[in-house]
Amino acid sequence: MTRLASRSSSGSRWIPTALNDGIAAGLGFGLAALGCYAEGVPLCLALAGFVPIALSKRSMQRFAIALGWHAAPALPAAVGIWNLGEGSCGPGILVLGGWLATAAVFALLNTGVAVAISLLLPWHIGSVVLAAGDFWPGTGFGGIALTILTLGGLSAATTFRSQALVTAIAASLAATAWASYSPAPPSGFEEMTVTPPPALTTAKRDRALMKELRARSGDVLIMGENVIDRREPGALERWCNYAERHDVLLYAGVLERNERSAIHEFNPEHCAPAPVYERRFGLPGIPGGWGVGAGEIRRTSWDGRPIHWLICFETFAPVAWIMSAVSPGAIVVVVANDNWTRPVPVEILRRKVVHSMARLWNSATVFAAAGQSVGIGHPGDP
């Protein structure tokens, strides 16, 4: 009787514990979703969702919160893989396994250590470090270290007093960083919206886009991801002719024959389209593969400032930002095509992440989304 009563008592205690963990997971998801996708809500709210993970002393509760939190930033990856996976289950299994494994790492390890490990994964788009610029602008590697140390300190603290001390130190360092922060000079590019043509890769769509662009003035033009399909006969030649006729240096996203995304340069003086950058990282299982790509093929610059490129989901890889934003005075150009992640508004998350990372590394940025916006560089601009 005593043993049965003990089992019954244990079961009755488990139910409210599981319910509390479920509520915690839901709150983690809610904080992350608001910080990631709600207009006007700062991305740092998503980072705040990691604090309960760091403070919790029960591994199952940390697992539940981490599972809920990572579900929000993983949504665009999951939807994108579903839309581009052509019915294959392999990519979905990889995403599911990665989601569970990430939550397990946060459940078993100190939160700071878990965050540090996540930096090593170029395909992990839910890294809390992406919000570091909201707290420690202009600090670069220091901001990444402060994020790891703050969460690690909270996770290691055993008393309320030590937790308060870690929080106070982090807050004072954040105040110091903001007080000394001087934003990078403007990129020299103007972001402009063009009328999206009805089709993406046809000659008719190219002519419609060219007609829209003729009204824009500037000596450099940047267009978004996969605006040009190299598999289509005559596509590169059409845009070469446009660059020569209008005397504009054109950088455009090109879908290569191997289905990788690249940036090509169309020089008006001697137009021979050639890639200057090829996407380093893709998502598992989508067209073009998901191994590490070529990255920078040839250096590009604007008004003496280096241009670094980020294509699509590279925006959400801290390692890609580290590779692209460490140059002083760099301009980071983000090219994207977010139609295939609908209905998840990943473009909102992208802008938040870019603004935060630009602050962290003190880089200027410009956006170019396929068929929707272009970056135009004007002579004489800073």
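Helices H7 and H8 are roughly antiparallel to each other, because their axes cross at roughly 165° and angles over 145 degrees count as roughly antiparallel. The model described here is a predicted one.

**Helix packing**

Two packed helices are described by the angle between their axes and the distance between the axes. Helix H7 covers residues 141-156 and helix H8 covers residues 160-180, and their axes come within 9 Å. The crossing of H7 and H8 is left-handed. On the H7 side, the contact is made by Leu146, Thr150, Gly153 and Leu154. The H8 side contributes Gln163, Val166, Thr167, Ala170 and Leu173.

**Aromatic pairs**

The count of aromatic pairs comes to nine. Two of these pairs are set out below.

| Pair | Geometry | Centre to centre | Angle between planes |
|---|---|---|---|
| Phe50 and Trp69 | edge-to-face | 4.5 Å | 75° |
| Trp239 and Tyr242 | edge-to-face | 5.6 Å | 65° |

The pair of Phe50 and Trp69 links distant parts of the chain, the two residues being 19 residues apart. Phe50 is in the loop between helix H2 (44-48) and helix H3 (51-55), while Trp69 belongs to helix H4 (residues 59-84). Both Phe50 and Trp69 are buried. Ring pairs also join these two residues with Phe106, giving a cluster of Phe50, Trp69 and Phe106.

The pair of Trp239 and Tyr242 lies within helix H10 (residues 235-245). Because Trp239 and Tyr242 are three residues apart in that helix, about one helical turn separates them. Trp239 is buried, as is Tyr242.

**A charge over a ring**

An aromatic ring also takes part in an arrangement with a charged residue: Arg351 lies over the face of Phe367, at 3.8 Å from the ring centre.

Val276 is part of strand E6, which comprises residues 274-278. Its relative accessibility is 0%, so Val276 counts as buried, the cut-off for that class being under 20%. When residues up to four places away in sequence are not counted, Val276 touches Tyr251, Ile263, Glu265, Gly295, Glu296, Ile297, Arg298, Thr300 and Trp309. For one of these, Gly295, the C-alpha atom is separated from that of Val276 by 8.6 Å. Val276 and Gly295 are 19 residues apart along the chain.

Conventions: Residues numbered from 1 in each chain as written. Predicted model: local features only at pLDDT ≥ 70, side-chain atom pairs only at ≥ 80, totals over all residues. Heavy atoms only, no water. Phe/Tyr/Trp six-rings, centres within 6.5 Å; stacked < 30°, edge-to-face > 60°. Helix = DSSP H or I, 4+ residues; strand = E, 2+ residues; numbered from the N terminus. Buried < 20%, exposed > 50% of the residue type's maximum accessible area, 1.4 Å probe, protein only. Lys NZ or Arg CZ within 6 Å of the ring centre and 35° of its normal. Axes fitted to C-alpha atoms, helices over the stretch in contact; angles between N-to-C directions. Parallel < 35°, antiparallel > 145°, perpendicular 65-115°, else oblique. Left-handed = near helix turned anticlockwise from the far one by under 90°. Contact = heavy atoms within 4.5 Å.
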